[in-house]
Amino acid sequence: MEYFIQQLINGITLGGMYALIALGYTMVYGVIQLINFAHGEFFAAGGYVGAIALAYFAGVGYMDSHPVICLTASFLIAMAYCAYLAVGVEKIAYKPLRKNSRLAALLSALGMSIFLSNGMMLTQGVYDKVYPGELFQGRFDFGMISISYLQIMIVSLTAILLVSLNLLVFKTKIGMAMRATAQDKTMSALVAIGSNRIISLTFAIGAGLAAAAGIMYGLYYGSVKYDMGFIPGIKAFSAAVLGGIGNITGAMIGGLIIGMVEIFGAGYISGEYKDVFAFIILIGVLYFKPNGIMGENIDDTRV
Amino acid sequence: MKKRIVSILAMGLILVPFLVGGVCAKTLTIGSMSPLTGPYASDGTDIKNGVLTAISVFEAAGGIAGYDKIELSAQDTACDPRQAVAAANKLINLEVAGVVGAYCSSSTIPASEVLAEEDIIMITPASTNEQVTDRGLPYMFRMCGRDDDQAPAAAKFMKESLGAKTIFIVDDKTTYSQGLADGVKKAAIEMGMEVVNHEHVNQGDKDFSAVLTMAKQANADIFYMSLQGYSPAAMMTLQAKRLGMESQIVTQDAVFQPKYMEVAKEAAEGAYLTYGFTDETTPEYKAFEKIYVPKYGKIAAYATYAYDSATALLKAIQAAGTTDPAKVKAELMKLDFQGVAKHVKFAANGDSGSSYIAYKVVDGKFVPYWEPIKGLIK
Amino acid sequence: MIHEFKKVWKQYTIGMLWLLGLLWPMLGIHPDGTLTFQKTVTVWSYLLAGSLVCLMIYVMKASGSLRFISTPLSRTTEGLKSATAAFPSWVWIMIVLGFALIYPQFAGRYGTDVAINVLLYICLGLGLNVVVGLAGMLDLGYIAFYGVGAYTYALFNVTYGLAFWVCLPLSAFFACIAGCIVGYPTLRMRGDYLAIVTLGFGEIIRIILNNWMSLTNGPNGILGISPIGIYIPIFENGLTFEHFWVKKLEFFYYFALGLAIFAVIAVRRLNFSRVGRAWESIREDETAAELMGVNTFIYKLLAYAMGAIFAGVAGAFFAARMKFVSPESFTFLESAMVLCMVVLGGMGSIPGIILGVIALIALPEVFRELQSYRMLVFGATMIIMMLFRPSGLIPAKRMGTRSEEKES
């Protein structure tokens with residue numbers, strides 16, 4: 001039982017991170033029907049900028065006196081940086097291709113992913129970038145179960161971000177505009193919603209969430225590396241599809257499911273086949289519910 | 001219109017690297033193969049840097065008679081067999097005198113088959129899999145140790161020095177890491193230790209919480225990590241300590257990288273690892289340190305081996321006075337000198353012997369701790 | 001002139017400033033708490049200079065200042081075009097074929113090796129073209145079939161000593177089975193769901209190859225696969241056959257060339273057959289195709305199986321050439337690469353795909369000189385090519401228009 005609970009905690013932490021990344025995929029997909037392969041790189045870039053900012057704060061000496069402020073500032077800086085990056089990437093690599101076939105944009109995204117990860121390698125070096133380790137050290141122990149402060153921090157921050165995103169999308173005017181654009185671009189243009197602005201905004205928000213996930217990842221695993229975006233990117237994309245692509249609640253649930261399946265697969269059956277279990281669940285769900293768990297929410301003009 | 005501008009912008013990005021480059025006269029070219037991109041780029045870069053250092057040392061000493069210049073053609077294998085074969089063919093085309101590389105055993109093996117067709121000497125600084133030299137290729141040499149030497153040494157260390165009774169083994173499913181893990185398992189069982197579990201993770205995994213929870217539950221004396229590269233090892237160490245695992249961590253030579261302690265920080269303290277014995281007090285090591293550190297930073301796992309490999313190759317070419325492979329090989333077999341990482345002397349099959357000892361992480365440094373014959377090192 | 005292109009310059013400036021803002025945090029902030037600008041500005045000014053040159057050329061071309069070059073240039077291209085049209089296409093095919101035949105004589109070892117890669121990937125690309133280009137199903141796990149083909153030959157050869165020519169149909173057969181297994185559950189899905197499920201299947205097959213120790217030897221791969229063997233007739237003392245191993249790269253090149261030619265002919269025949277028409281109708285509009293009496297289920301499954309067969313055959317050749325297979329050759333990135341070749345070249349267009357393959361195999365090799373900049377430049381090239389030629393280098397000629405095209 002203790003073993004089960006411990007694995008459950010592990011699963012929630014990992015799943016939360018996947019969910020944050022998956023949101024970016026699903027939101028972008030919702031508005032322009034593009035699998036943004038470069039999204040994993042936004043996640044990695046967020047991790048890097050977080051590491052750079054934290055190291056800088058430690059270097060000037062603010063870290064010891066105001067750790068919480070520094071951490072918050074790092075989060076904000078990384079999220080802003082990634083939003084800035086994503087908006088530019090969208091303008092350069094995706095916007096000119098919006099009228100062409102979706103595969104062209106997909107390829108451009110793949111090229112962007114290769115370009116960004118190698119750009120990070122060249123500017124930041126091939127070695128891992130280390131996160132300062134003093135933050136949130138320590139853990140609660142309940143018998144065999146242990147929960148680190150970091151895990152609590154990550155899960156609660158993830159929850160806060162998810163709730164605020166939900167509020168943004170479902171309770172504000174901007175959110176309504178985003179949903180409208182996702183459902184029908186022509187109609188939303190008719191009611192004076194600038195689709196370019198909304199698309200940029202969607203990219204910015206998605207990348208910002210990925211950046212937050214990147215910093216949490218760095219804190220949790222101790223370091224970041226230029227190629228770290230790729231595998232979580234694929235997992236998060238699976239999570240987005242599992243939940244029903246374009247569906248924000250679906251992405252959260254999908255992320256948690258993929259995280260759990262991976263942890264329980266590794267913990268109870270076999271570590272080397274854990275990705276197989278995740279994909280089998282994905283295929284199984286899609287076989288019986290071809291639109292994902294929560295159903296999709298996109299503008300599909302072809303049907 | 002807009003689209004054009006943007007593309008032109010990007011085009012500019014591409015042009016920059018072309019601005020750098022040069023052409024030279026009568027040169028001796030040697031090749032290196034290592035992953036310069038992809039997940040093992042860090043280790044691959046160390047290898048390239050080691051070879052470059054060796055070349056700069058030779059050039060500073062007056063070069064090799066008959067050649068104005070020694071040049072390195074560093075090829076990227078990305079730890080992918082197909083790219084390794086392409087790189088090997090490229091090096092053949094460049095008519096290199098010899099090759100230092102590759103890193104991953106899975107790249108070295110197919111690349112060496114290609115190089116063997118043209119009788120090109122290959123010295124691997126890092127591929128420890130037995131198959132590398134056991135296939136009987138005449139021009140295949142190895143500077144590092146062998147997995148089937150390392151595994152018994154590691155098992156002996158755990159039994160005799162740490163008094164272990166139970167072991168939990170984890171590997172990450174590469175030719176190297178799995179081969180070593182299997183070897184350790186076999187040796188441990190032969191020595192009467194109990195292997196409670198042998199788990200696997202995948203390459204590229206970063207989250208090890210599931211397998212670590214399992215290990216914590218098992219509570220074996222030793223937690224043996226056989227992982228390719230320092231990066232996953234550091235992450236696993238960090239996560240293990242955060243989870244409160246109490247087993248003693250023991251690991252292997254791929255982790256011998258100062259970055260391991262940098263990433264894992266305090267969690268790495270007290271961890272043991274087996275690695276070929278490098279005497280850091282020799283004048284050779286000191287001299288190497290003086291050249292390498294200011295240029296490339298801390299000395300890492302395979303930089304020294306790559307340096308020795310390149311030095312051996314260049315020495316042999318110098319002695320032979322030609323790049324004819326048969327003559328260079330004869331000179332290589334005659335070599336007997338103190339290198340930076342080890343004493344270099346090749347056996348008939350191309351191996352240069354292993355001298356695995358156990359290191360302990362103390363205050364963020366690897367300190368020699370135990371050796372198989374005399375026991376503890378004071 | 002400057003005035004005319006004000007918009008261009010404005011955007012260029014914004015773009016470069018954006019890049020500066022992007023570069024600085026990565027290069028200028030140091031952990032010891034200092035901020036520097038020099039390195040950032042140096043790197044940035046390199047980029048600025050490079051892009052400025054390109055932009056100048058572009059602007060001059062657009063404004064007509066380069067007419068003294070471009071006019072004769074366009075005249076020559078036009079002249080060439082009319083000259084091309086003067087000969088029937090088979091003449092050109094013969095010229096290309098003739099070039100391919102003598103290629104190894106002057107290419108050297110490395111060139112031949114790269115060419116073999118190109119030929120194998122042409123087979124792969126054409127196979128994927130059947131699935132993506134003709135039937136319109138996005139497949140991100142295609143390389144798995146290549147892996148199945150390679151492992152089939154490797155295993156049968158190493159365990160049972162079967163010859164290459166016996167294993168070739170077996171490779172095709174097993175790849176075909178794998179294609180049907182993947183195809184069957186995915187047929188209900190559309191578009192990007194299909195993409196992720198095929199990606200999943202691709203990963204599953206790779207992970208199984210990596211973990212099924214007793215069968216595939218896991219990450220160690222399989223060593224000692226024999227090369228292609230052929231019997232050469234010898235006319236001493238009557239007719240006897242001598243067995244001969246194709247070890248030399250040049251000989252292997254001709255086998256790969258044969259494979260590629262076979263693939264080109266096969267895909268062309270398929271494209272213009274009844275089956276190919278059915279696939280195209282499914283791609284354009286599945287519902288309508290079904291209404292017209294096309295059995296979409298069978299045809300989609302057939303597309304998968306067909307694509308997989310091409311990959312399986314190419315896989316067997318791959319194993320025979322490398323004499324070594326390991327799961328590392330069959331990762332997702334490889335699938336993405338093959339997809340890139342197809343899309344970059346122009347979906348559904350055979351010459352386009354050949355060009356796409358040459359571009360994507362040759363470019364990383366050309367960029368080998370750049371060492372660690374290699375993949376960076378490669379990624380940038382991919383984006384640029386897509387921006388300039390979004391429907392591929394040589395787009396396929398289509399019959400009729402699609403509903404989507406009319407709308408936009």
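## Aromatic pairs and the A–C interface

Over all chains, the structure holds 54 aromatic pairs, a pair being two rings of Phe, Tyr or Trp (its six-membered ring) with centres within 6.5 Å, stacked if the planes are under 30 degrees apart, edge-to-face if over 60 and tilted otherwise. The model is predicted: local features need pLDDT of at least 70 and side-chain atom pairs pLDDT 80 or more, while totals for chains, interfaces and linings use all residues. Residues are numbered from 1 along each chain, chains are lettered from A in the order written, and side-chain values use heavy atoms, without hydrogens or water.

Trp9(C) and Tyr12(C) form an edge-to-face pair, 6.0 Å centre to centre with 85° between the planes. Because these residues are three apart in helix 1 (residues 6–28) of chain C, about one helical turn separates them. Both Trp9(C) and Tyr12(C) are buried, that is, under 20% relative accessible area (1.4 Å probe, protein chains only).

| Property | Value |
|---|---|
| Residues in contact (heavy atoms within 4.5 Å) | 63 of chain A, 61 of chain C |
| Buried area (accessible area lost by both parts together, 1.4 Å probe) | about 5300 Å², 76% from carbon and sulfur atoms |
| Salt bridges (Lys or Arg side-chain nitrogen within 4 Å of an Asp or Glu carboxyl oxygen) | zero |

On the side of chain A that touches chain C, the residues divide into 44 nonpolar, 14 polar and five charged, with Gly counted as polar and Tyr, Cys and Pro among the nonpolar.

Methods. Buried area = accessible area lost by both parts, 1.4 Å probe. Helix = DSSP H or I, 4+ residues; strand = E, 2+ residues; numbered from the N terminus. Buried < 20%, exposed > 50% of the residue type's maximum accessible area, 1.4 Å probe, protein only.
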